[in-house]
Amino acid sequence: MNTAQLLEVRNLKSQFHTRRGVVKAVDGVSFSVGQGEVLGIVGESGSGKSITCLSILRLLPKPAGRIVAGEIRLNGEDLLTKSEAEMQGYRGSRIAMIPQDPMSSLNPVFTIGDQMAAPLKYHLGLVGNRAAEKVEELLAKVNIPSPKQRSKQYPHQMSGGMRQRILGGIGISCDPILLIADEPTTALDVISQDQFIWMLKAIQVERSLSMIWVTHDMSVVAKACDRVAVMYAGRIVETAPVDALFNAPAHPYTIGLMRSIPELSDSREELFSIPGQPPDLLNLPDGCQFAPRCDQMKPVCLEKYPPETILGERHSVNCWLKADHD
Amino acid sequence: MTKLKAALRGIPVGAAVILTVVVFLGFFGGLLAPYSPTALNTPGMLLGPFSHSSKGLHILGTDQLGRDILSRICAGTRVSLIVGLSAVFLAGAIGSILGILAGYFGGWVDTLIMRVTDAMFSLPFLVLALVLAAVIGPGFSNIVLILGLVGWAAYARLIRGEVLRIKNEQFVKYAKIAGTRTVVVLARHIFPNVTNSLIVMATLRLGIMIIAEASLTFLGLGVQPPTPAWGSMVAEGRMFLSTAWWISAFPGLAILLTVMSVNILGDWLRVRLDPKFRQT
Amino acid sequence: MTETLLEIRDLKKHFPITKGRLFMKQTGTVKAVDGIDLTIQKGETLGLVGESGCGKTTLGNLILLLEQPTEGRIRFESKEITGLSGPELREYKAKVQAVFQDPYSSLNPRMKVKSLLMEPMTASGKMSRARQIERIGELLDLIGLKKRDAGLYPHEFSGGQRQRIAIARALGPNPELIVLDEPVSALDVSIRSQIMNLLKRLQRTFHLTYLLIAHDLGVVKHMSDWVAVMYLGRIVELARSDRLYSRPQHPYTRALIAAAAIVRPGGKQKESALTGDIPSPLAVPPGCRLHTRCPDAFPLCAQESPEFKEIEPDHFVACHRG
């Protein structure tokens with residue numbers, strides 16, 4: 001079913017050229033996000049999930065980072081063919097991003113109001129009173145009490161949870177068609193996380209907004225996402241609707257990840273843990289990158305990268321163990 | 001060998017070559033000089049570059065007393081380098097200690113040291129050096145002392161900033177928890193982590209010190225004759241600028257090339273040692 | 001037969017906020033820790049949970065003697081420890097160690113693993129150099145690293161391995177109590193369970209006592225025998241781990257558990273959620289600290305601070321409702 005996917009990424013490859021070699025941060029990633037759908041991208045450090053998002057926005061740090069292959073189609077148009085000037089017009093207005101770390105993402109020397117008004121002016125041409133009204137409207141939308149006073153305050157006068165919600169407000173301010181949230185809850189405590197997720201979910205449902213949630217936290221996935229893509233060492237190893245991912249995970253990495261989360265195991269004894277270390281992106285092995293840590297590894301796993309196997313409704317996996325399914 | 005190659009990656013070759021030559025001359029200048037830098041040869045005075053006197057070919061010419069300019073430059077390298085390096089060392093030592101104390105202990109120690117630093121910054125470097133030189137008197141070791149005493153403020157400020165950053169690192173917190181004595185914390189945890197910045201600042205300040213020495217010597221307050229020094233050579237050539245320009249020009253060029261090379265290399269070193277770019 | 005290892009009575013730590021450099025005027029107080037009673041039994045793990053800014057790290061600092069309390073007592077092995085100095089202080093520091101959150105910041109990048117491991121042992125003054133060198137081999141073995149790793153620098157290891165080194169470092173002087181301040185939250189999810197398993201194994205082998213400070217309820221539940229919940233400088237609930245998770249009494253505890261509980265899709269936002277944001281520790285609300293956000297608050301809550309009472313055996317709550 002390929003009709004009207006809002007975002008289609010095909011075979012994206014992004015690399016970093018460093019002195020020690022080429023880091024294949026994203027190595028052939030394909031996925032799509034439908035209209036009004038929330039896709040979660042899950043992975044740990046080195047998985048490539050953040051670089052994938054930066055690639056969509058074409059914000060890779062130069063000169064080391066570059067996109068070397070692939071297509072990124074937003075409503076049919078390939079973003080990789082756009083000029084930088086066109087991309088600047090897109091960023092913040094058609095595609096918006098909510099970054100992590102509210103401490104450093106907000107400028108400490110400008111008021112909240114000033115910072116929120118900036119994209120309104122740049123993309124929508126709003127100034128003066130109309131901009132101030134819109135700022136208050138947005139602050140109320142993200143559950144900041146006393147918006148008028150707060151808009152005149154500085155970031156350090158607010159709690160971490162409030163700052164993150166403000167970043168969310170900036171994200172939705174120009175009515176984007178795609179919103180990317182890059183681990184927005186990582187620096188927050190549990191209650192603020194919960195508040196943030198539900199607040200954003202309500203907005204997403206109300207506006208039928210398409211979203212990508214990047215996270216390493218499975219509970220975020222459970223609360224916020226419709227579909228999930230699991231990334232490891234620069235590739236997607238499994239994609240599934242969220243129910244299928246939790247009830248019937250297929251890839252050994254996904255299974256291992258689920259099993260090592262304490263909340264999901266009631267036993268007070270030894271927790272399951274995936275043996276070994278995260279992959280070294282400068283020296284990726286041939287074949288499946290997870291194989292060295294996999295307890296069900298077969299010889300073919302070390303030789304060739306497994307093809308995609310369709311397991312069910314929108315559920316696919318890249319694993320030799322499932323390859324005879326088709 | 002490959003480790004050395006990796007360490008020297010990106011090094012600006014021209015600057016490195018020039019500095020190597022300078023350092024070499026600093027060690028062996030006196031021996032390598034084709035002629036004696038101090039022997040008078042009045043008949044052969046004020047000869048232009050590539051001219052001959054009774055002694056032979058003078059590549060860079062002779063000065064008003066017939067001394068070979070090239071030989072004097074070679075011999076003078078030693079003064080510039082030694083004074084420059086010693087002054088940097090002294091200023092760096094004073095500045096680091098004060099910066100570490102100010103940054104680590106804070107409070108009135110910090111306030112006191114920083115106010116003194118501010119005062120030092122508000123007075124022009126050379127003026128201060130001149131005043132001290134007039135008071136203490138000229139001479140090799142006096143210059144080193146003066147330049148060291150005048151030049152520590154920049155180090156103190158920089159090192160203090162670094163220490164403020166470092167003392168919040170968790171390994172410093174752990175050292176306190178483990179009961180490590182303060183002196184040991186400063187020596188093993190704080191100091192080794194400021195050396196990168198210190199080295200970079202030292203290389204960048206070396207150029208300033210060399211020029212400062214040359215300036216003081218130019219004014220007669222530095223190294224005294226007959227010791228050859230670039231600054232005094234430039235000074236002596238002042239009267240002959242229109243007739244025998246080479247007497248001032250070549251030592252001036254030597255100063256220029258040395259200081260530029262030091263600065264260019266200092267820049268490279270700064271990028272090289274910056275942890276953001278550092279290879280692991 | 002458990003004995004009390006650490007006992008804290010009415011502990012307070014207030015930080016004055018001053019204006020001006022030379023003539024300092026106090027304009028406010030941050031009451032980071034404001035009256036805490038706690039005991040930890042030998043061989044057990046007490047988990048301390050709370051949002052950032054609740055004072056749990058300050059409490060850890062007080063126990064580690066990085067700060068002196070404004071008021072109150074801390075007793076370790078029945079001896080008062082505030083105001084210790086000299087050899088007694090060194091002895092305490094050898095017995096009470098710490099592991100911190102950030103594996104990248106907690107190891108000096110300029111020191112080899114060997115020197116890092118030796119630091120607390122040297123500071124304790126009780127181990128000969130030869131014995132320390134021997135112990136390095138033992139420690140590396142315990143954490144699953146090789147003897148030759150002692151000559152390497154921290155940047156040559158991954159995050160999980162560095163945390164192991166930090167753990168080995170804490171074990172060097174044979175401590176009794178280890179303060180674990182968010183030991184796994186900076187690590188990748190798949191590495192966390194490795195480290196938690198290691199910590200539990202070490203606890204069993206060496207009969208260690210842990211104070212586990214964390215914000216992740218799952219981690220705390222997995223590792224703790226007792227759990228204390230902290231809010232704005234006070235403990236609001238304290239109970240055995242299973243009791244706390246199955247029958248939480250304090251509204252704040254309930255909100256934390258509700259927020260952390262949904263790990264499967266299809267859950268809805270729980271009703272007992274708190275409203276608003278955490279007040280600044282400079283402006284602690286009068287009466288019960290939670291009353292500005294509590295869904296069950298009534299007038300008394302704004303006037304009087306509730307007592308910390310034992311409502312059933314081994315279960316303490318500070319709430320007017322309970």
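In chain B, 69% of the contacts with a separation of 6 or more link residues 24 or more positions apart. The model is a predicted one. Chain B holds 11 helices and two strands. Its order along the sequence is α-α-β-β-α-α-α-α-α-α-α-α-α. The C-alpha trace of chain B spans about 75 × 50 × 25 Å along its principal axes. Of its 280 residues, 42% count as buried.

Nonpolar packing was examined next. The largest nonpolar core has 165 residues. Those with the most contacts inside this core are Leu147(B), Leu211(C), Leu212(C), Ala228(C), Val229(C) and Leu256(C). Helix H9 of chain B, residues 182-218, gives the most to this core, with 14 residues. In soluble globular proteins, nonpolar side chains tend to be buried together.

The surroundings of Val229(C) were listed without residues up to four places away in sequence.

Val49(C) belongs to strand S3 of chain C, which covers residues 45-49. This strand is mostly covered, with five of its five residues buried. Thr45(C), Gly47(C) and Val49(C) point one way from S3(C). Leu46(C) and Leu48(C) point the other way. Residues on both faces are buried.

S3(C) pairs with two strands of chain C. Strand S8, residues 209-214, joins S3(C) in the parallel sense over five bridges. Within this pairing, Gly47(C) stands opposite Leu212(C). Leu212(C) is also one of the residues with the most contacts inside the largest core. Strand S9, residues 226-231, runs parallel to S3(C) and is joined to it by four bridges. Here the bridge partner of Leu46(C) is Trp226(C).

The contact between chain A and chain C was then considered. Chain A contributes 35 residues and chain C contributes 31 residues. On the side of chain A that touches chain C, the elements giving two or more residues are helices H7 (160-172), H8 (190-207), H9 (218-224), H10 (242-247) and H11 (252-259) of chain A. H8(A) gives the most to this side, with five residues. The residues on this side of chain A divide into 16 nonpolar, 11 polar and eight charged.

Key:
Residues are numbered from 1 along each chain as its sequence is written. Chains are lettered from A and ligands numbered from 1 in the order in which they are written. This is a predicted model: local features need pLDDT of at least 70, side-chain atom pairs count only at pLDDT 80 or more; totals for chains, interfaces and linings use all residues. A nonpolar core is a set of buried Ala, Val, Leu, Ile, Met, Phe, Trp, Tyr and Cys residues joined through C-beta atoms within 7 Å. A residue is buried if 20 or more other C-beta atoms lie within 10 Å of its own, exposed if 12 or fewer, and partly exposed in between; C-beta atoms are placed from the backbone. Two residues are in contact if their C-beta atoms, placed from the backbone, lie within 7 Å. Two strands pair if DSSP finds at least two bridges between them. Ala, Val, Leu, Ile, Met, Phe, Trp, Tyr, Cys and Pro count as nonpolar, Asp, Glu, Lys and Arg as charged, and the others, Gly among them, as polar.
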